[in-house]
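Thank you for coming, everyone.

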Amino acid sequence: MRIPCPYCGPRDSSEFAYLGDAAPRRPADGDAAAMATYVYLRDNPAGPMEELWYHAYGCRAWLVVRRDTRDHAVTGARLAAGREASA
Amino acid sequence: MADLVHRGGYAGLGRRVGSGDGVVAVEQAGLAAATVIARRGKAEAAAARLGGHLGLAVADAAKRAVSPAATVLGTGPGTWLVFGGEDPGFVAGLAAALAGLAAVIDQSDGQAVLHLSGARLPEALEKGVRIDLDPARFTPEDVAVTSIAHIGVTLWKIDAAPTFAVALPRSYAGSFRHWLEASAGPAGLAVVSD
Amino acid sequence: MSSHRLGTGGLVDRQTPIGFSFDGRPLTGLAGDTLASALVANGIRLVGRSFKYHRPRGIVSAGPEEPNALVEKGRGAYREPNTRATTVELYPGLDVASQNRWPSLRFDVQAIGQLASPLLAAGFYYKTFMWPAALWERLYEPAIRRAAGLGSLSGAPDPDFYEKAYAFCDLLVIGAGPAGLAAALTAGRAGARVILLEQDFALGGRLLAERCEIDGMPGAVWAREVEAELATLANVRILSRTAAFGLYDGEVGAVERLTDHLAVTPACMPRQRLWTLVAAQTVLAAGAVERPIVFGGNDRPGIMLASAMRSYIQRFAALPGRSVAVFTATDDGWRTAEAFARAGAPVAAVIDSRRDIVASVRALAGDVPVFLGARVLDAIGGQSLSAIEVIGDHGRRRIAVDGLAVSGGFNPDLAMTTHLGHKPRWSETSLAFLPDALPAHLVVAGAAAGRFTLAEALADGARLGAAAAGMAGKPAAAPPAWRASDETFAVGPLFHVEGGRGKAFVDLQNDVTDKDVAQSVHEGFVSVEHLKRYTTLGMATDQGRTSNVNGLAILARLTGRTIPETGSTRARPPHGPVAIGAFAGLHTGPHFKPTRLTAGHGWAEEQGAVFVETGQWLRAQWFPRPGETDWLESVTREVQAVRSGVGICDVSTLGKIALAGPDVGVFLDRVYCNTFSTLPVGKARYGLMLREDGFVMDDGTTARFGAEDYLLSTTTVNAGKVMQHLAFCHQVLWPELDVQMVSVTEQWAQFAVAGPQSRALLQQVFGSAVDLSDAAFPYLACGAFPLGPTMARLFRISFSGERAYEIAVPAGYGDALVRALMAGGRDLGVTPYGTEALAVMRIEKGHVAGAELNGQTVARDLGLGRMMSTKKDYIGRLMAERAALNDPDRPTLVGLKPTVPGVRLRAGAHFLPIGAAASAENDQGYMTSTAFSPSLGHWIGLGLLARGPERIGEQIRAYDPIRGGDAVVEVVNPVFIDPEGNRVHG
Amino acid sequence: MRYSLLSLVSHALGGNRDWKPAWRDAAPQPRYDVIVIGGGGHGLATAYYLARDYGIANVAVLERGWIGGGNVGRNTTIVRSNYLLPGNIPLYELSMQLWEGLERDINYNAMVSQRGVLNLYHSDGQRDAYARRGNAMRLHGIDAELLDREGVRRLYPFLNFDQARFPIQGGLLQRRGGTVRHDAVAWGYARAASDRGVDIVQNCAVTGFLREGDRITGVETTRGTIRAKKVAMAVAGHSSEVAAMAGLRLPIESHVLQAFVSEGLKPIIPGVITFGAGHFYISQSDKGGLVFGGDIDGYNSYAQRGNLPVVEDVCEGGMALMPAIGRARLLRSWGGIMDMSMDGSPIIDRTPLDGLYLNAGWCYGGFKATPGSGAVFAHLLAREEPHPAATALTLDRFAQGRVIDEKGQGAQPNLH
């Protein structure tokens with residue numbers, strides 16, 4: 001599986017570490033229930049999904065990668081830093 | 001008062017295998033090196049200042065810029081790995097020049113650097129590098145941070161001969177040496193380290 | 001000349017005879033032979049025994065689809081089981097043996113299993129062997145296991161080595177038959193980067209075996225000329241002896257055989273090379289595999305695929321039989337009759353299930369007897385075919401033959417198109433599965449696409465090669481138009497002949513018969529998946545290449561469905577079996593993972609250190625001295641030396657992360673549970689890092705060298721994990737913070753200098769210019785000081801509880817520094833110590849480490865709850881505050897000591913109340929770490945005990961049945977030594 | 001019809017023509033007491049124990065494809081109960097005890113073969129961690145032995161003891177562990193459940209839930225509406241998808257785990273071996289294939305297939321541990337979709353919706369747990385309270401912090 005790193009170019013997925021769904025946002029306001037939801041619950045969709053990948057053997061950037069969990073088709077990747085802007 | 005002698009990452013690893021004329025590896029010891037990381041939102045300004053200080057054009061990209069005095073390698077967003085000569089003041093000079101624009105962290109002893117050349121180099125590199133090194137696609141302007149045989153490396157091209165340079169964390173020097181020996185083995189490998 | 005070798009023709013070199021042996025019998029073949037063709041040329045029929053019934057079996061095919069002719073190649077550690085004779089290139093001294101027979105191939109005692117064969121029908125083992133239970137493992141199963149399996153491993157380490165390689169191209173062509181050669185040449189001429197794979201040792205595919213012409217020249221000659229031209233193109237790479245085995249996301253896996261065909265392996269030459277190929281476009285031109293027909297006794301040695309017989313005659317000049325019949329449902333079968341006639345051994349008969357045969361095809365048989373609308377009902381013979389029984393308009397007739405060529409149709413080799421989950425479609429005209437939906441960037445050419453004629457194959461290749469070149473920005477000039485014969489390829493539906501007396505095999509290698517399929521249907525196993533799993537049809541080493549479609553057709557008829565209604569089969573990689581060693585490449589034995597060595601490693605080796613793996617690092621565990629008899633003696637000495645004088649320990653492996661920027665303080669406050677924004681310049685502080693779920697992730701000290709210059713340290717094992725976590729926190733959670741970070745683990749060599757004499761030693765090394773007095777450099781101070789040609793960083797921190805420092809220099813000076821410390825401390829009796837002594841001293845001080853920071857503990861469990869700031873938010877705070885994680889019944893850190901001195905404690909023992917039964921209900925925690933304390937003269941331990949802190953002074957049981965240990969221990973304060981903490985201050 | 005050597009002989013004499021279907025391929029009825037979604041091992045076992053232990057036979061098992069086509073037919077056939085934490089141990093040990101009597105119970109030979117499961121350790125820390133685990137097992141009455149290096153060498157002399165990057169120091173051995181013929185488990189339970197009146201409905205995909213307020217009263221399927229007092233989910237791999245139809249989010253991600261088998265070989269590996277310094281475990285099937293596996297690919301996937309880097313990683317581990325397999329050929333690989341839960345342990349519990357019950361989050365533990373999972377899930381369905389062996393496997397343990405994290409990796413499914 002090739003991941004198009006916006007900085008390094010297309011790289012084999014073995015260069016990356018996977019975190020998971022990029023959608024959940026860390027709640028700021030000290031709400032324990034919201035934090036538990038953030039930490040433990042996932043949509044886990046069968047289909048397109050935005051995910052967090054870390055280019056551990058490359059530029060050390062966290063990426064938001066758009067990938068389909070049914071066929072692994074990768075349709076885009078961007079730097080996670082400042083993702084609010086680009087999301 | 002102790003007087004300390006400096007040793008390169010490949011110290012003691014120099015050796016010839018087979019005919020030795022397939023691939024030639026030469027250690028680049030004693031080079032000053034630093035990681036330069038731009039302050040938040042200052043990547044462009046830092047690149048410009050870095051270029052100005054070293055007299056070359058630096059971009060915020062996986063590109064190489066080179067002058068007689070220094071080599072600047074883009075290794076990540078707003079991040080560069082900069083090699084100088086053996087001038088002990090090199091890193092301090094960078095820090096001063098980039099004050100307020102970037103953090104400058106000394107890595108002079110963290111990286112073990114080899115220059116690789118030889119008629120059979122491309123086929124040896126092919127056995128570890130998972131990126132396309134076709135001359136038309138990977139030029140002396142390009143830099144790749146990637147991995148070889150489970151070892152993280154920074155790889156760049158010095159000339160079209162081709163001569164490549166590879167920098168890796170010094171603690172891995174021995175294991176990298178094993179990969180190089182095995183991969184260049186049938187063609188013969190000479191490692192020169194000082 | 002061998003008995004069945006033809007005097008002329010073929011692509012073998014009659015000037016170069018090659019000696020080899022089969023089951024110890026010396027034989028001779030020719031250069032250009034495969035093992036199979038050499039056996040055919042020597043008139044050898046019986047080559048193996050079948051999997052289940054141990055029936056005699058012969059060669060069926062001439063390619064990698066071979067289900068029967070599996071042999072053990074090589075001797076001793078080089079022995080390679082289940083090797084297909086049809087893919088082994090003949091070389092001098094090749095030594096092969098047949099498999100799955102005892103005592104000999106001709107006489108195999110297990111063949112009597114055939115008598116019981118009705119009992120061994122599909123799924124028999126699910127229905128018996130259940131009583132008595134004990135006998136399954138002791139009797140039935142061992143018998144089944146012995147009978148099963150085919151070849152055997154030597155049990156010795158593989159003496160060869162393997163390597164991996166990666167390549168990129170515009171066009172990857174899989175298969176160098178006419179379609180593949182045409183594609184490669186067209187794209188190659190246009191200047192595209194082409195890689196051409198061919199599993200055979202010669203390029204050409206069927207061109208090597210057929211009598212055909214391209215542009216007026218024989219196919220084999222055309223192939224040779226194309227190969228020659230391709231070799232002149234720098235942008236084309238030819239990989240022969242290379243089989244593509246899998247299509248993965250964005251890449252193709254292939255394995256190249258480098259030395260398997262060599263009598264002598266050159267030095268430094270790997271046996272095989274695993275290729276990962278990334279191509280913009282892939283053309284699959286893998287051809288098609290002929291389909292056998294299921295009828296009685298269809299496994300007799302001498303029965304062969306019709307196209308395979310042509311390969312043996314026309315490529316290898318080896319005659320598969322002197323009196324052969326052809327049983328076909330295709331036009332192609334008739335070409336085999338023609339081939340035999342040209343070889344001077346006209347066939348005994350042609351039997352075709354069809355009635356309407358075009359004249360040009362009919363003519364191929366000349367004047368030999370022809371039976372149209374007929375079938376072969378049974379094949380008769382023992383270890384070799386002797387006759388066939390034909391049924392047709394004439395009724396039944398027995399024909400004496402020594403061989404039978406079978407052609408039931410062609411299965412396009414489209415497995416790679418299904419690896420990513422795409423399904424082929426059934427074609428009623430081709431009577432075969434053809435590619436339908438295709439994976440991105442993959443197209444199929446020639447016979448693999450169901451376009452069987454030579455002209456179609458060449459046209460496909462040219463068209464697709466040109467298209468790929470165009471996509472690569474290298475438009476082809478007018479694609480070449482080759483002139484070639486457009487032979488007919490009609491095929492009739494014939495998968496199975498019913499009513500024969502003999503066993504009719506669907507899957508030859510797994511011994512699955514038509515009766516087994518029928519029985520499965522009776523029992524309700526009517527889906528293809530169930531049929532495969534219940535009967536093992538198609539699960540053999542040929543991956544069902546010759547059996548799947550016939551099985552499907554029989555299943556369809558039995559269930560009254562069409563073939564497409566019945567299903568198709570999805571292939572999974574690898575397409576052909578691949579040596580496990582090839583997937584591992586160089587990463588075996590000592591090179592399984594890279595090894596990291598510190599700058600002081602060479603010095604430690606000189607000191608005779610015993611090393612231990614810590615992550616990828618090697619660390620000195622202890623430094624045995626002459627006369628010391630066991631590790632405990634050495635470690636005890638090292639601890640005593642530190643506590644009474646001064647010792648040195650290499651701590652370079654601890655993770656070090658440089659942090660800079662105006663917001664570092666804020667950032668550290670958010671990633672550590674304790675506060676760092678108040679850390680002054682020149683000071684270091686211990687920090688505890690939690691995961692977001694509230695559990696402890698890691699610990700370490702962070703030192704502040706300047707206003708915006710911090711150095712954070714991690715444990716050795718978690719260095720990478722923490723760096724990734726901090727990058728996540730910065731880039732994903734709080735990009736607004738102005739923080740820069742990078743690992744400097746490799747930049748610094750760092751040594752702990754510990755013990756009452758540590759300051760004296762350092763003063764000696766630094767000289768008088770540096771003031772190390774407690775006033776100038778108190779506990780938890782940090783600073784940078786000139787040391788010879790460099791600057792050293794000094795930290796006044798202690799893991800041992802003694803006055804201690806850590807000194808760091810650029811790694812290039814690490815070796816020199818440790819030697820300087822040893823020299824400078826000679827008069828102080830300086831002693832190098834390793835990780836064991838380090839561990840003993842941290843346990844004596846009750847410091848937690850890996851065994852306690854196991855990812856299952858929260859700060860409170862470790863007695864570190866007070867470190868959790870209540871004044872700020874930080875990663876893990878909310879989750880750590882959950883009631884269940886603050887339950888006093890959670891096991892909490894305590895110290896333990898035996899009530900009887902001299903008793904050894906062991907980590908992993910569980911805690912039980914005295915007198916309580918040894919049962920799960922009474923389990924109250926466990927021992928995490930133990931050590932023999934030289935200072936106290938007895939074993940001590942740290943452990944996690946329910947309500948531990950309330951139970952100081954109580955006696956409990958440390959229960960360790962798995963090591964026969966059971967000790968009464970007293971719960972004590974986890975800090976065994978100097979609880980007031982005076983010594984760190986000297 | 002009862003299976004026995006006798007029935008085998010009589011059918012053989014009859015040319016094996018009069019065998020009857022192993023289970024009834026039932027058409028769905030409009031109404032059941034219990035609907036079990038998922039005709040895999042767990043679903044079929046649940047139905048069987050509902051009928052056997054609680055007399056609840058008005059049960060339908062709904063399978064969208066053919067029974068046994070999911071993970072019960074896509075695993076490495078290993079069974080063991082060598083777990084560390086009290087939340088897990090009782091379930092896996094109950095399962096192991098049910099395996100031990102399975103064939104006689106369901107009159108189907110699933111080839112339960114207790115050849116021993118050995119987990120190797122390569123460091124003092126690992127040794128102590130295995131000692132902790134072995135002692136925990138012993139406290140639960142489970143067999144466990146800690147072998148030293150020589151003990152391992154006696155069992156498996158062909159392992160790499162001398163040229164290793166991470167030398168073998170010893171291992172934790174559970175002799176009662178072993179392997180089971182995976183497909184036979186599904187077929188055997190299907191046959192036994194069917195014999196007791198359970199409807200096994202194949203090619204019947206659930207497309208939605210019937211809901212009255214916060215109560216689930218049945219399911220919509222591709223074969224019509226089916227009502228039931230209780231609906232039980234046993235669809236590990238796809239739990240999130242099915243739960244989503246009921247509006248539930250789960251602490252689960254779906255990941256692909258690849259497994260591999262070699263060509264058939266004469267017996268060389270008697271038991272099950274797990275490498276402690278890499279991702280590799282292996283056993284040998286009765287047919288002679290080396291069956292092995294390693295780590296999940298590591299990214300969310302519903303594709304039932306993985307990628308090459310993981311194949312290489314597994315084989316690197318295999319060659320590092322057992323260099324004798326270098327010349328054996330990998331014949332086939334396959335991928336199963338794992339319900340990877342947030343703490344690496346399963347969930348067997350009610351849901352916030354009345355009438356809907358959840359059996360999910362099995363990670364790699366699913367196959368070995370099949371009988372136990374069925375038994376405790378049936379208990380929950382019949383008695384409305386957790387089985388004593390499954391009291392900790394609740395859905396709310398995550399929010400509460402009562403996680404059962406054997407590996408100590410935290411809420412990161414691909415690390416479990």
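I will start with contacts in chain B, where two residues are in contact if their C-beta atoms, placed from the backbone, lie within 7 Å. Among the contacts in chain B between residues at least 6 apart in sequence, 64% join residues that are at least 24 apart.

A word on where this comes from: this is a predicted model, in which local features need pLDDT of at least 70 and side-chain atom pairs count only at pLDDT 80 or more, while totals for chains, interfaces and linings use all residues. Residues are numbered from 1 along each chain as its sequence is written, and chains are lettered from A and ligands numbered from 1 in the order in which they are written.

Staying with chain B, we find four helices and twelve strands, where helices (H or I, at least four residues) and strands (E, at least two) are DSSP runs, numbered from the N terminus. The C-alpha trace of chain B spans about 50 × 50 × 30 Å along its principal axes. Its radius of gyration, taken over C-alpha atoms, is compared with a globule rule of 2.2 Å times the number of residues to the power 0.38; for 194 residues a compact globule would come near 16 Å, and chain B has 17 Å, which agrees. Of those 194 residues, 57% count as buried, meaning that 20 or more other C-beta atoms lie within 10 Å of a residue's own, with exposed being 12 or fewer, partly exposed in between, and C-beta atoms placed from the backbone.

How is chain B divided into domains? The assignment, whose bounds come from an automatic or database domain assignment, gives domain 1 (15-29 + 110-192) and domain 2 (33-106). The centres of these two domains of chain B, taken over C-alpha atoms, are separated by 24 Å, and nine residues of domain 1 are in contact with eight residues of domain 2. On the domain 1 side, strand 9 (143-148) and strand 10 of chain B are the elements that give two or more residues, and strand 9 gives the most, with three residues.

Chain B also has a cis peptide bond, which joins A161(B) and P162(B) with omega at about 5°, and P162(B) sits in the loop between strand 10 (151-159) and strand 11 (163-169).

Let us turn to chain C, and to strand 8 (residues 162-174), which is largely enclosed by the rest of the structure because 13 of its 13 residues are buried. Two strands pair if DSSP finds at least two bridges between them. Strand 8 of chain C pairs in the parallel sense with strand 15 (residues 272-284) over twelve bridges, and there C169(C) stands opposite A279(C). Strand 8 also pairs in the parallel sense with strand 9 (residues 194-198) of chain C over four bridges, with L172(C) having I195(C) as its bridge partner.

Finally, most residues other than glycine have a negative phi, and most peptide bonds are trans. In chain C, D511(C) has a positive phi near 55°; it is found in the loop between strand 29 (505-507) and strand 30 (512-513), and it is buried, with 25 other C-beta atoms within 10 Å. Q543(C) has a positive phi too, near 50°, and lies in the loop between helix 11 (528-535) and helix 12 (548-558).
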